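The following report describes the fold of a single chain, going from a pair of helices to the sheet and then to the chain as a whole.

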Amino acid sequence: MGFFTKAETKAPIEPSRSPDDVNNLMPSPPDQKIENGDANKSETKEWGYDLYPERKGEAYKPKWSRIFLGMEGQESLDKMKCEANVFWCVKNSPLVKLMMGALRSSGCPINLRRHISCEVCDTSVTGGYDPVLNQVVVCQNMARDKGMVQGVLTHEMIHMFDYCTSELDFRNIDHLACTEIRAANLAHCSFLSAMMQGDASIFDIKEAHQNCVKTKALQSVLAVRNVSKLEAIEAVERVFPKCYADLEPIGRRIRRNSADQHRAYHEGPMYGYDV
């Protein structure tokens with residue numbers, strides 16, 4: 001999952017932004033009063049805020065039926081577990097440590113309390129990146145173990161890295177497609193992932209990874225932008241060759257059950273990253 005709001009310009013991760021700065025960069029936030037209620041609702045959905053209720057300033061209210069079934073009602077405990085998993089990944093995951101070092105070396109250091117937030121999300125997503133607040137969101141109700149949290153942090157920190165180091169305009173669907181391609185390429189797809197998505201078989205190994213990346217990027221664009229599937233496909237195809245070849249800051253595609261994570265971490269200083 002990627003951006004659920006848009007970013008217009010290159011900007012470092014800062015402790016805070018003034019309201020004027022945010023308004024200049026971003027669309028009207030969902031809780032801003034708009035005379036036409038339908039327009040507000042449409043904008044909220046268009047930019048993906050509907051997938052992250054706490055981003056709209058709403059307190060999460062569990063349903064009694066789900067509490068009775070034991071599926072909800074332990075949000076405080078879930079948040080504590082999520083934050084513990086985040087802390088573990090920051091201390092132990094080679095990829096997360098590499099991403100944090102790359103962000104720090106690029107002038108965008110991460111403060112855990114400021115830039116990473118565990119929240120209840122829609123069940124269709126496991127995480128997201130909010131460039132308005134420069135925060136990675138980990139969905140505490142969906143990413144419940146260290147492995148999933150590591151995947152979310154790595155994926156979303158790639159978006160954060162792109163926002164930090166590049167002049168991005170996410171009103172431009174090509175820019176959104178590019179960062180989604182990069183995140184899927186570096187943090188999501190393996191041959192097993194491609195098999196599970198139906199993008200590969202033992203007879204189609206050569207293109208398995210590329211097909212997996214395209215599918216994942218397409219899904220992410222459609223999830224957070226109110227565009228047609230054809231528009232999303234065309235955007236992914238337009239930018240795919242260039243963005244698929246861009247391996248910064250990890251430097252390699254990570255194969256599952258391999259030492260690639262550790263190799264990437266140890267190679268970080270060779271590319272100027274403070275790890």
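Helix α10 (residues 208-224) packs against helix α11 (residues 229-245) at an angle of about 130°, and their axes lie 10 Å apart; axes here are lines fitted to C-alpha atoms, for helices over the stretch in contact, and angles run from 0 to 180 degrees between N-to-C directions. That angle makes α10 oblique to α11, because angles under 35 degrees count as roughly parallel, over 145 as roughly antiparallel, 65 to 115 as roughly perpendicular and the rest as oblique. The crossing of α10 past α11 is right-handed, a term used if the near helix is turned clockwise from the far one by less than a right angle. Among the residues of α10 that meet α11 are Val213, Ala217, Leu218 and Val221, and their counterparts in α11 include Ala232, Ile233, Val236 and Phe240, where contact means heavy atoms within 4.5 Å.

The model is a predicted one, in which local features need pLDDT of at least 70 and side-chain atom pairs count only at pLDDT 80 or more, whereas totals for chains, interfaces and linings use all residues. Residues are numbered from 1 along each chain as its sequence is written, and side-chain values use heavy atoms, with hydrogens and water left out.

Helix α11 also holds glutamate 234, which at 39% relative accessibility counts as partly exposed; buried means under 20% relative accessible area, exposed over 50%, and partly exposed in between (1.4 Å probe, protein chains only). The C-alpha atom of glutamate 234 is separated by 9.8 Å from that of isoleucine 173, although these residues are 61 residues apart along the chain.

An open sheet of three strands has the order β1-β3-β2, with mixed pairing, and its edge strands, β1 and β2, each pair on one side only. Two strands pair if DSSP finds at least two bridges between them; β2 and β3 run antiparallel and are joined by four bridges, and tyrosine 129 stands opposite valine 136 in β3. Two helices lie across this sheet, as the table shows.

| Helix | Strands crossed | Angle |

Of its 275 residues, 48% count as buried.
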